[in-house]
Amino acid sequence: MVEQEALSGTLLASMIDSTLLAPTATPEEIVRLCREARTYQFASVCINPLFVRLAAEILGGSPVKVCTVIGFPLGATKTEIKVAEALRAVAEGAEELDMVIAMGYLKANDLPRVEADIRAVVDVAGDRALVKVILETCLLSPSEIKDAAQAAIRAGAQFVKTSTGFASGGATVEAVRTMRETVGDRLGVKAAGGIRTRQTADEMIVAGASRIGTSSGAKLVISALSLGF
């Protein structure tokens, strides 16, 4: 778990996945997002697959990673489609893949299929990209969150993530805490969905988040800097 003292402007920036996943996002907006990410040295930009190559070109030579989404936002595409998306994204420069869990299988308690779906993406990502598994926690019970997180561990993913931002709710402290308690120090925990203030980011980090997905990255960092952190 990251301690409260880690919330300086610089350290907070290094935990942020600066996100623009709106279906109406334009190339010009992606360019601005990437330039801002370079300025603040965010961990990554998280964008739709359409713009991976563009983002990789802009961010080349910087420490900011290109992150894209797989099976987004429902997770209900077939595994082979997720694999194809992942292969194409990595080929175009993605270094992080946020894949949506197979929710229907999870709800049916078919955990072997949940795990196999994740593992297929992990396998094609290999050592070229890390995989974050989006659980969509607002649709899950605490026991389902634990089951999903354990499946992600077994499948070899590097992170579990709360939300797509397109469902009925986003990240909550309770969900983040449950995820961290389940994965321990084996996986990272990404809190995403509705994180627009420094206070909310602080709460998620104290609960166990090691990444923050937000469309308000600059605002959060400027807030931290303005307070002298």
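How far is the sulfur of cysteine 46 from the closest cysteine sulfur, and in which residue does that sulfur lie? The closest one belongs to cysteine 67 and lies 3.6 Å away, which is too far for a bond. A disulfide is counted here as a pair of cysteine sulfur atoms within 2.5 Å, and by this rule the model has 0 disulfides. Cysteine 67 is accordingly in no disulfide.

The structure is a predicted model, in which local features need pLDDT of at least 70 and side-chain atom pairs count only at pLDDT 80 or more, while totals for chains, interfaces and linings use all residues. Residues are numbered from 1 along each chain as its sequence is written, and side-chain values use heavy atoms, with hydrogens and water left out. The pLDDT, the predictor's confidence in each residue on a scale from 0 to 100, has a mean of 95 over the chain, and 94% of the residues reach 70 or more. Over residues 1–6, however, the pLDDT is below 50, and this stretch has 12 contacts in the model beyond near neighbours in sequence, a contact being heavy atoms within 4.5 Å. Where pLDDT is low, the predicted coordinates should not be read in detail.

The table gives the relative accessible area of several residues, where buried means under 20%, exposed over 50% and partly exposed in between (1.4 Å probe, protein chains only).

| Residue | Relative accessible area | Class |
|---|---|---|
| Cysteine 46 | 0% | buried |
| Cysteine 67 | 0% | buried |
| Lysine 82 | 0% | buried |
| Asparagine 109 | 54% | exposed |
| Glutamate 136 | 3% | buried |
| Arginine 211 | 11% | buried |

Helices (H or I, at least four residues) and strands (E, at least two) are DSSP runs numbered from the N terminus. Lysine 82, a buried residue, belongs to helix 4 (residues 79–91). When residues up to four places away in sequence are not counted, lysine 82 touches several others, among them Ile70, Met99, Asp117 and Val121. Arginine 211 lies in strand 8, and its contacts, leaving aside neighbours within four places in sequence, include Asp17, Glu96, Lys132 and Lys190. Between arginine 211 and serine 163 there are 48 residues of separation in sequence and 12 Å in space, C-alpha to C-alpha.

Phenylalanine 72 and proline 73 are joined by a cis peptide bond with omega of about 0°, and proline 73 sits in the loop between strand 3 (65–70) and helix 4. Asparagine 109, although not a glycine, has a positive phi of about 60°, and its place is the loop between helix 5 (103–107) and helix 6 (111–125). Glutamate 136, also a residue other than glycine, has a positive phi near 55° and is found in the loop between strand 5 (130–134) and helix 7 (142–155).

A pocket is an open set of points, on a 1 Å grid over the protein atoms alone, where a 1.4 Å probe fits, with protein on both sides within 12 Å along at least five of seven lines, and its lining residues have an atom within 4 Å of a point. The largest pocket is lined by 18 residues, of which Thr19, Thr164, Gly165, Gly193 and Ser215 lie nearest its centre. Two or more lining residues come from each of strand 1 (16–20), strand 7 (188–192) and strand 8 (211–214).
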